[in-house]
Amino acid sequence: MPLVRVCPRSLRSILLVLASLLLAPTAGCQSTESPPDAGSDTSDVYTQTEPSRNGTGKVYMGREISQVMGHRGAAWLERAERVDKERPDLVIDSMQLAPTDVVADIGAGTGFMTFRIAKRVPEGRVFAVDIQPEMLDIMRERIQDRGIDNVSPVRGTVQDPKLPADSIDAALMVDAYHEFSHPREMMNGLVEALKPGGRVYLVEYRKEDPSIPIKTLHKMTEAQSKKEMTAVGLEWVDTKEMLPRQHFMVFEKPRVGTAVK
Ligand SMILES: C[S@@+](CC[C@H](N)C(=O)[O-])C[C@H]1O[C@@H](n2cnc3c(N)ncnc32)[C@H](O)[C@@H]1O
């Protein structure tokens, strides 16, 4: 008699993550690749330069945009050490969610943060947005395995999170914003989707600290983050440095007025 029974769906989910691990170009390391849909620029806020290592050469407000982490690195997102190194529990606590909140996890990946948020909004909903269908497939398997009914995976594009207008109470972006190929368009779309007074929680590795062992383009300074968020009409509210390696930055959509395009 088998010691552990594994249902076929759970097995599929495990196999998807294992396959992504086996296919990863360098074990235990973030893989990067071009976004699946490169998209054209609708804004003249970008310039192009010689790409640096792991960079795209596309420059936005003085910052070179990093390459996208490909779905073959999905297992990296679920590495056990993340719980200690990134303290997702503190992130979620600090979001001060109400049980009815509608939350967007933008660049959700495999749902590392999504499922933690879902527990806090039992009467609300989490829209888990990603541009890579393979990431969303892994997430859908998990939703089914766990019988979760308040998470909706959303296939966004590189320019549009594809969220309904005025519908979101809070949006979270963990280790994702720095790789948006069209940050201005994405953020304009997100601001439109936020309710007035809606919050954006931006979590990025601290670029100010060179001792943090993460590729430079995968980090952001607080000053740069503020510059880019306020450029789309968001207001800075707070920065908390309670995480071991990341900034936790809070922005808000003004209750009156519209986003700067
Ligand atoms: C490094 S992973 C982080 C995933 C997740 N936030 C986490 O903390 O585990 C970044 C994710 O952002 C996604 N992404 C990149 N550009 C995006 C965009 N414009 N819109 C939505 N997702 C995007 C990638 O496909 C990838 O899954």
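Modeller: Happy to! Please keep in mind that this is a predicted model. Let's start with helix α7, whose buried residues pack against β3 (55-60), β6 (102-106), β9, β10 (194-206) and α8 (222-230). The helix itself spans residues 183-193 and is mostly covered, with 11 of its 11 residues buried. Among them are Arg-184, Glu-185 and Glu-192, along with Met-186, Met-187, Leu-190 and Val-191.

The largest nonpolar core has 55 residues, and Ala-171, Leu-172 and Tyr-201 are the ones with the most contacts inside it. Strand β9, residues 168-174, gives the most to this core, with six residues. Nonpolar side chains tend to be buried together in soluble globular proteins. Leaving aside residues up to four places away in sequence, Tyr-201 touches Ala-170, Ala-171 and Leu-172, and also Met-95, Phe-248 and Val-250.

β10 and β13 are antiparallel partners, paired over seven bridges; in one of the pairs, Glu-204 has His-247 of β13 as its bridge partner. Strand β13 covers residues 246-252 and is mostly covered too, as six of its seven residues are buried. Strand β12, residues 235-240, also runs antiparallel to β13, and five bridges join them. Here Trp-236 has Phe-251 in β13 as its bridge partner. Five residues lie between β12 and β13, and the two strands form a hairpin.

Key
Residues numbered from 1 in each chain as written. Predicted model: local features only at pLDDT ≥ 70, side-chain atom pairs only at ≥ 80, totals over all residues. Core = buried A, V, L, I, M, F, W, Y, C linked by C-beta atoms within 7 Å. Buried ≥ 20, exposed ≤ 12 C-beta atoms within 10 Å, placed from the backbone. Helix = DSSP H or I, 4+ residues; strand = E, 2+ residues; numbered from the N terminus. Contact = placed C-beta atoms within 7 Å. Pairing = 2+ DSSP bridges.
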